[in-house]
Protein chains: 2
Amino acid sequence: MINWNNLDTLKSFEELNKVERVNLQEVMSGESGAERVKKCSVAMAEGMVYNYAAKEVDDNVLAALKKLAEEAQLSEKFEALYNGEVINTGEKRMVLHQLTRGQLGNKVEADGVDKREFYVKEQKRIADFANKVHNGEITNAAGEKFTTVVQIGIGGSDLGPRAMYLALENWAKKNNTFKMEAKFISNVDPDDASAVLNSIDVAHSLFILVSKSGTTLETLTNQSFVMNALEKAGLNPAKHMIAVTSETSPLAHSDDFIEAFYMDDFIGGRYSSTSGVGGAVLSLAFGPDVFAQFLDGAAAEDKLSANKNIFENPAMLDAMIGVYERNVLGYESTAVLPYSQALNRFPAHLQQLDMESNGKQVNRFGEPINYVTGPIIFGEPGTNGQHSFYQLLHQGTDIVPLQFIGFKNSQIGNDVDIQGSTSQQKLCANVAAQIVAFACGKKDDNLNKNFKGGRPSSIIIGEEVNPKTLGALLAHFENKVMFQGFVWNINSFDQEGVQLGKTLAKKVLAHETDGALAAYSALLNI
Amino acid sequence: MINWNNLDTLKSFEELNKVERVNLQEVMSGESGAERVKKCSVAMAEGMVYNYAAKEVDDNVLAALKKLAEEAQLSEKFEALYNGEVINTGEKRMVLHQLTRGQLGNKVEADGVDKREFYVKEQKRIADFANKVHNGEITNAAGEKFTTVVQIGIGGSDLGPRAMYLALENWAKKNNTFKMEAKFISNVDPDDASAVLNSIDVAHSLFILVSKSGTTLETLTNQSFVMNALEKAGLNPAKHMIAVTSETSPLAHSDDFIEAFYMDDFIGGRYSSTSGVGGAVLSLAFGPDVFAQFLDGAAAEDKLSANKNIFENPAMLDAMIGVYERNVLGYESTAVLPYSQALNRFPAHLQQLDMESNGKQVNRFGEPINYVTGPIIFGEPGTNGQHSFYQLLHQGTDIVPLQFIGFKNSQIGNDVDIQGSTSQQKLCANVAAQIVAFACGKKDDNLNKNFKGGRPSSIIIGEEVNPKTLGALLAHFENKVMFQGFVWNINSFDQEGVQLGKTLAKKVLAHETDGALAAYSALLNI
């Protein structure tokens, strides 16, 4: 029996509030610090580890977090989710993105269809299609191979797939699996589509229109934009476009596309990177095998997330430490800092994943809650961020918890040895140095050069950014966000907060405005 | 006589705290809202306006902010700054970035050199050099034209110039002033340099090494990386590289470069976009005339910032409203949301500008302060953000003040009319709709669909992103950040918070570590 209770009604939350705070500077100094670093690692999938030594936790805090995770029934709730319970209560939907990469529990059916089989079937259709594009069976009207793939989508149909493409582009080039360059059109700003169209050879470009509902304003507008451009170039748009959508959408079974691939309402946009939404573009760009490895990494991490022991479940532990920082220590934001240029846009994807999932002020039953929920997420890759906003992180007046990500090896493997170390060693030295600088600080009588320390961080460490580690990393954060939503008793799978803006924008375009809206419309010349 | 006093010692700050709060939802509803939108605009340079109708201010709050600005002597401090007083007290330096684009006050000299003349001379040298590259007087060793320019720099030598390049790239292509493609190498991650080098034709590439001190680890490492690549290609690195640095740096007067252009210690990295740091790459990419227009826009905005009347000084008003939000209303972060794909990386630049300048916890005399300073800055372009983190902005548990930026026209001018409106109209309709949705909200008995409203925003509106409006926009934010630093009585022009990490990274690379630092180094295989 699962109880969906608000965080502030849980006894173990009250207890957590009473646990003595940890002095991070103290515990991270000297030999005690070294021991913590060695001790506080949890194995992730694909040889990665989640290390939380520099978080403000000790055995007492961890014991209280374990109790809270148990009272909040995180494992039971995850089990219910992957067994097909209707977890997205607002929209009355199951939540099945994990099924796109594996089967954690029982068979899940909807309308008599085995959903795991359905997702696998669509992946196979995508793989076959991609193989045919690569081997020249599917070509443009002139019988020439497609060389570029362009994804048209926004939000979940853009940020995740784009971040994953950028993360694997150089890896694929290095490992000879790079098939086609990918580009992305998302913004309704006409300059976005224009610039992408100006930068490609449309005659050899294949476009992927991605919209689950088939009604997304930006995406449909950009579809027309692209169709116009194709027609102007004397090309038949229907021979240059595929769709990824749901079977009930107006885009399904349409003659406008060479082919359509399907997902369904049980996969939220921001959780759709492992569905056809990511699958089509990644399979076309890098080949279906690379996409399959990416799914394997995610599936392996999902398995760890199903572990009932929080100390062997990195996503759950990460989630609970985050709840402690947010609801007990009172920190409002979290910075995501990957020390990897390949993960350039990974923070932008996590920003959506986390903020759109958990930026809620009512519980899953639509009742008001009396505690804070999802934090602000922002970040840029290191070492770039060190020369930008780290000043505030080190010496600002607010404390911002940090999520570092580092890899022992580069992707391309091209490096130079300068002053006795490679660039990759310098990169890794910097992330190690930052963790200690933030945690321990450094006393200086000149207060302007003084570092208070006590600024918490964790780090995920892997061998290399490749399809498997990337999949595992993605699943880790998806599951972390899910667990936090369970603790806060909110629905992490709807997004009612985006509706009002859409409604008002339609009014502006229909000239049905008054008051401030009319005045702003006038200022903007609409 | 200027008094440098802490914010919490100012009488008018005490008064500001007592002013009755504004109910934003109420004042922005109905006809009162329309009147506010019409009334609350301040002219910026180049035909832009700063509109603060949707901020939580009224005549009483504004009067109190005006008093505070006066008691904090913001105009007098800016005057002192541009007349050459040593405002960067920690490093004992003048602050002269405004002189790179105009002369607001008296002649400013250092070591007998008129600094305005010095900056103009360097700009002219850059312009001559760029013209010679464009007309083929300066070529590679084979006498062939350079086609690509690559900036090697990090932090202020990267974020500002990169954001400006991306903002003007399509404008320049449309207006036939596009001369050379620009690329940027910043991260010490070897995959950054490798990927850029793999994407260009090095034989026809000109590299700009940018480091004021000439000692930045990442930049020197990437210089060697590039020199190696040039040598491997059988090219002479000294024939492919120029430098932008200070005259006292080890890079000055070196045979490693075709030419070196100079800046000095009076221009902070994050304020250097209008110096040679931005000037070299932008002049090479778009031509010196475009860069000159960019400077003109910035100079025009600087003039407005010198206006003593806060209601005719958009940067000062923006700054004071931000202080009210931070120190009275208690908001911790600010989102920057440009509705323009061209301003894609503008938020990342502002993130550095603001957080590195004002993320401080001691006053300009190195004494502790008892109030919060610089907020967290993050953002992505609209409409993309609407499909990402806006959920939290609308319905999350914390309030995040918003800074919108919108333009009436697109840059490329290519558009489609769908369902009775162009993409540009849809873009503008969305930003208008968002402001009203955030301010006014919408009642719904289903609390999951309820919007509380009361979420403050301002908007800057211009005709088009072009060199002049971009320059004005940049100067607006530089001056806003400066004014806020004055109010908080901090030094916005140093960055001691970046030092500790550098020191510890060197220790790691020298294997002089113990405790936690040694343990992390082992985990990362260094």
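Predicted model: local features only at pLDDT ≥ 70, side-chain atom pairs only at ≥ 80, totals over all residues.
Trainee: Hi! Let's start with strand β5 of chain A, residues 148-152. Is it enclosed or open?
Mentor: Four of its five residues are buried, so β5(A) is largely enclosed by the rest of the structure.

Trainee: Nice. Which strands does β5(A) pair with?
Mentor: Five bridges link β5(A) to strand β6 of chain A, residues 181-185, and the two run parallel. Another five join β5(A) to strand β7 of chain A, residues 205-210, again in parallel.

Trainee: Which helix makes a β-α-β unit with β5(A) and β6(A)?
Mentor: That's helix α7 of chain A, residues 159-174, and the unit is right-handed.

Trainee: Switching topic: what are the domains of chain A?
Mentor: The domain assignment gives domain 1 as 111-292 and domain 2 as 495-526. Their centres, taken over C-alpha atoms, are separated by 31 Å.

Trainee: Over to chain B, then. How does the span of helix α12, residues 314-328, work out?
Mentor: At 1.5 Å a residue, its 15 residues should span 21 Å, and the end C-alpha atoms are 20 Å apart, which agrees.

Trainee: Is α12(B) mostly covered or uncovered?
Mentor: Mostly covered, with 14 of its 15 residues buried.

Notes. Residues numbered from 1 in each chain as written. Chains lettered and ligands numbered in written order. Expected span 1.5 Å × (residues − 1). Buried ≥ 20, exposed ≤ 12 C-beta atoms within 10 Å, placed from the backbone. Domains from an automatic or database assignment. Pairing = 2+ DSSP bridges. Right-handed = clockwise from strand over helix to strand, strands pointing away.
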